[in-house]
Amino acid sequence: MTQDTHNMTDQQIVRALIGRDKEVTRAFFYIKCYPLFKSIFEHYYTDCDNCIEFINEIYIYIMSPQQTTGRSKLESFRFESTLTTWIKVVCLYYCYARYEEKQRIDIDSNFDLADRNGSVSDSIQLDMTILNKEDIAHILALMPNARYRELIRLRYLEGYSNEATAEALGMTMDNYYNKLPVAKAQYLQVYRK
């Protein structure tokens with residue numbers, strides 16, 4: 001029997017979550033807040049392959065003790081807003097921090113993509129005609145992110161259009177265009193190694 005979190009106060013839900021109540025966790029995170037997580041997953045940067053993975057990351061993020069206080073973020077929630085609003089803000093800050101981290105990594109890894117004038121290429125071109133399919137399959141297998149691996153395979157190996165690739169991956173076009181340069185950079189990083 002699933003716990004009905006709609007009839008619970010935010011204080012009751014927080015106590016149950018901190019107490020690791022599996023039914024309340026499932027009902028709150030994976031049912032009640034799923035539309036919120038899905039919307040954020042589709043419109044903001046994450047490295048996650050799917051929405052459930054994103055929810056799992058956020059759960060771990062708010063439940064893990066912080067080094068400075070020894071308390072989790074959820075234990076520090078002061079009920080100055082609704083719990084759902086707080087979750088949304090936490091997710092947005094989390095996505096922003098991940099995006100900033102990705103930008104720093106991309107800048108560091110793009111120094112070797114500079115042309116003779118020292119400017120970084122805006123558009124990474126992938127030429128897979130110089131490799132045979134076994135080599136490409138091996139490079140793809142070494143890519144750590146399965147979603148990026150599939151994006152590169154469909155777009156460049158199978159020759160799907162941008163729209164067909166996004167549709168096959170269940171992504172919006174905005175999300176697709178956000179993930180494409182990251183996937184290309186990851187492919188090139190593995191290729192160079």
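Analyst: This is a predicted model. To begin with the charged residues, Glu158 is partly exposed, with a relative accessibility of 43%. Salt bridges with shared partners link Glu158 into one network with Glu150 and Arg153.

User: How far apart are the closest N and O atoms in the salt bridge of Glu158 with Arg153?

Analyst: A salt bridge here requires a side-chain nitrogen of Lys or Arg within 4 Å of a carboxyl oxygen of Asp or Glu. Glu158 and Arg153 form such a pair, and their closest N and O atoms are separated by 3.2 Å.

User: Which helix holds both Glu150 and Arg153?

Analyst: Glu150 is partly exposed at 28% relative accessibility, and Arg153 is partly exposed at 27%. Their salt bridge has its closest N and O atoms 2.6 Å apart. The two residues are three places apart, about one turn, in residues 146-157, which form helix α7.

User: Why are Glu42 and Lys38 separated by about one helical turn?

Analyst: Glu42 forms a salt bridge with Lys38, with 3.4 Å between the closest N and O atoms. Glu42 is partly exposed at 23% relative accessibility, and Lys38 is partly exposed at 28%. An α-helix has 3.6 residues a turn, so residues three or four places apart point the same way. Glu42 and Lys38 are about one turn apart because both lie in helix α3 (residues 34-43) with a spacing of four residues.

User: How many salt bridges does the structure hold?

Analyst: Among them are Glu42 with Lys38 and Glu150 with Arg153. The pair Glu158 and Arg153 also belongs to the set. For the structure, the total is four.

User: Is Ile13 buried or exposed?

Analyst: Ile13 is located in helix α1. Leaving aside neighbours within four places in sequence, Ile13 is in contact with Thr5, Met8, Val24, Phe28 and Leu83. The C-alpha atoms of Ile13 and Val24 are 7.0 Å apart, although eleven residues separate them along the chain. The cut-off for burial is under 20% relative accessible area, and at 0% Ile13 is buried.

User: Which residues touch the most other members of the largest nonpolar core?

Analyst: The largest nonpolar core has 30 residues. Helices α1 (10-18), α2, α3, α4 (51-63) and α5 (83-110) each supply at least two residues of this core. Apart from it lies another core of 17 residues, including Ile136, Ile152, Met171 and Val190. In the largest core, the residues touching the most other members are Phe29, Phe37, Phe54, Leu83 and Ile87.

User: Where does a side-chain oxygen of Asp21 reach to within 3.0 Å of a backbone nitrogen?

Analyst: Helix α2 covers residues 22-32, and its buried residues include Val24, Phe28 and Phe29. The backbone nitrogen that Asp21 approaches belongs to Glu23, and the contact lies at the start of α2.

User: What volume does the largest cavity have?

Analyst: Rolling a probe the size of a water molecule over the atoms shows where empty space is left. A search of the whole structure finds one cavity of 30 Å³ or more. The largest cavity has a volume of about 40 Å³.

User: Which helix gives the most to the lining of the largest cavity?

Analyst: The lining consists of Lys38, Phe41, Glu42, Arg147, Gly170, Met171, Thr172 and Asn175. With three residues, the helix that gives the most is α3.

Note on methods: Residues numbered from 1 in each chain as written. Predicted model: local features only at pLDDT ≥ 70, side-chain atom pairs only at ≥ 80, totals over all residues. Heavy atoms only, no water. Buried < 20%, exposed > 50% of the residue type's maximum accessible area, 1.4 Å probe, protein only. Polar contact = N/O pair within 3.5 Å; in protein donor to acceptor, adjacent residues only side chain to side chain. Core = buried A, V, L, I, M, F, W, Y, C linked by side-chain atoms within 4.5 Å. 1 Å grid on protein atoms, 1.4 Å probe; cavity = no way out; pocket = protein on both sides within 12 Å on 5 of 7 lines; lining within 4 Å. Points joined across faces, edges and corners; volume = space filled by probe spheres on them. Contact = heavy atoms within 4.5 Å.
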